[in-house]
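I opened the model to look up a few local features and noted them in the order I went. The entries follow the structure.

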Amino acid sequence: MTLAIGVDVGGTKVAAGGVEEDGRIIAKLKRSTPAASPARTEQAIADAVTELAASYRVAAIGLGAAGFVDSARATMLFAPNLAWRDEPLKHRVEERLGREVVVENDANASAWAEARFGAARGYRDAMLVALGTGIGAAILIGGELYRGRWGIAGEPGHIRVVPDGRLCGCGNRGCWEQYCSGNALVAEAREFARRTPGAAVRLLQLGDGTPEGISGPVITRAAIEGDPAALRCFQTIGSWLGQGLADLAAILDPACFVIGGGVSEAGDLLLDPARAAYERALTGRGHRPLAEIKVAELGEDAGIVGAADLARASSAAIFRQRRRRRRRPDHPALARSYAARVWRTR
Ligand SMILES: [Zn+2]
């Protein structure tokens, strides 16, 4: 069986999977990421690929990495949660494996997977917004990933939404992801429990009894039970989400927003307030179609599936290109008649 291998490289784990042409994962494994050492992270990637490749024929290998990938899709310019700074990732992993790999930003890989096999299937203009530690995002225009001139388009988490607001990991203040992310949800709930512990009993119970013990899964569970404090937190984060999506619609006018990341597991508890805020904030509301706001379907596997599928597509394109080159005759007269023949058969 011929598989493509996709590797999702995050700040805490390397997850690799063997993916079929229809997007199904048939083998998967996880390693922790030695994030402080680029060389050891690259070795962990290579080890994971080698282990999977021992059991299957591998058509292509793709890496989806959490960070800024350059326009040549070879170098990691910067990664907030890994020690990569101008790291030639493609070259280093290829050296270890002795074969070609394709490198992509992790949010781009996830968006590609959702477009091919998940919630954005059938949409040519869509945007993925994933709420995790921060905001990961990707843009699809006309069915293709839009990467920007230098490869780093789609970072709306660092749009300033509050002048002189909360300090962000990027060094600026008031970035969107400080108000709308998994971390923001947890910060909101902890602050609420600190100020009004009497109203946060269920949140405290589900954690370890202290505000610091309240985690994302705790808030989601309490909200599903109908706990008013947890629902209020989702209301707040959802409102920030909807407002931000309206701003993005002002630039990109997509048909669909796919919301991913751990926070999206709350489903409509997050999306209902987001849709309401989106409709309130949208310029020209009432006189334009509303983009759909949907939950991602592939969950944490999206990065693996997207990286594998992008690598498969890229290796197929290279194969076609080489075949065309091989067929083209070298002699100028023959080449001219070949070109005329190709033209006629088009
Ligand atoms: Zn920022």
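**Entry 1: Ser55.** I started with Ser55, which counts as exposed at 54% relative accessibility. I use buried for under 20% relative accessible area, exposed for over 50% and partly exposed for in between, with a 1.4 Å probe and protein chains only. Ser55 sits in the loop between H1 and strand S4 (57-65). Helices (H or I, at least four residues) and strands (E, at least two) are DSSP runs, numbered from the N terminus.

**Ground rules.** The model is predicted, and I kept its conditions: local features need pLDDT of at least 70, side-chain atom pairs count only at pLDDT 80 or more, and totals for chains, interfaces and linings use all residues. Residues are numbered from 1 along each chain as its sequence is written, and side-chain values use heavy atoms, with hydrogens and water left out.

**Entry 2: Thr33.** I looked up Thr33 in the loop between strand S3 (25-32) and H1. Thr33 is buried, with a relative accessible area of 11%. Which residues does Thr33 contact, leaving aside its neighbours within four places in sequence? I found Gly10, Gly11, Thr12, Lys13, Val14, Thr41 and Leu82, where contact means heavy atoms within 4.5 Å. The C-alpha atoms of Thr33 and Arg160 are 31 Å apart, and the two residues are 127 residues apart along the chain.

**Entry 3: H1 and H2.** Two packed helices are described by the angle between their axes and the distance between the axes. I noted that the axes of helix H1 (residues 38-53) and helix H2 (residues 89-97) come within 9 Å and cross at roughly 50 degrees. That makes H1 oblique to H2. Axes are lines fitted to C-alpha atoms, for helices over the stretch in contact, and angles run from 0 to 180 degrees between N-to-C directions. Angles under 35 degrees count as roughly parallel, over 145 as roughly antiparallel, 65 to 115 as roughly perpendicular and the rest as oblique. H1 passes H2 in a right-handed crossing. A crossing is left-handed if the near helix is turned anticlockwise from the far one by less than a right angle, and right-handed if clockwise. On the H1 side the residues that meet H2 are Ala39, Glu42, Gln43, Ile45, Ala46, Val49 and Thr50. Their partners in H2 are Leu89, Arg92, Val93, Arg96 and Leu97.

**Entry 4: H6 and H7.** Here the packing angle is about 110 degrees and the axes of H6 and H7 are 7 Å apart. H6 and H7 are therefore roughly perpendicular to each other. H6 passes H7 in a left-handed crossing. Ile219, Thr220, Ala222 and Ala223 of H6 meet Ala230, Leu231, Cys233 and Phe234 of H7.

**Entry 5: cores.** The largest nonpolar core has 44 residues, and those with the most contacts inside it are Val129, Leu203, Ile219, Leu241, Leu245, Phe257 and Ile259. A nonpolar core is a set of buried Ala, Val, Leu, Ile, Met, Phe, Trp, Tyr and Cys residues joined through side-chain atoms within 4.5 Å. Elements that each supply at least two residues of this core include strand S9 (126-131), helix H4 (182-195), helix H7 (228-252) and strand S12 (256-260). H7 gives the largest share of this core, 10 residues. Apart from this core lies another, of 28 residues, among them Ile5, Ala46, Leu52 and Val101. I then listed what Phe257 touches, not counting residues up to four places away in sequence: Met127, Leu245, Leu248, Ala249, Tyr278, Ala291, Glu292, Ile293 and Lys294.

**Entry 6: loops.** Arg73, in the loop between strand S5 (68-69) and strand S6 (76-78), has a positive phi of about 50 degrees although it is not a glycine. Arg73 is partly exposed, at 27% relative accessible area. Asp253, in the loop between H7 and S12, has a positive phi near 50 degrees. Asp253 is exposed, at 53%.

**Entry 7: cysteines.** How many disulfides does a search of the whole structure find? It finds zero, a disulfide being a pair of cysteine sulfur atoms within 2.5 Å. The sulfur of Cys256 is 16 Å from the closest cysteine sulfur, in Cys180, which is too far for a bond. Cys256 is buried, with a relative accessible area of 0%.
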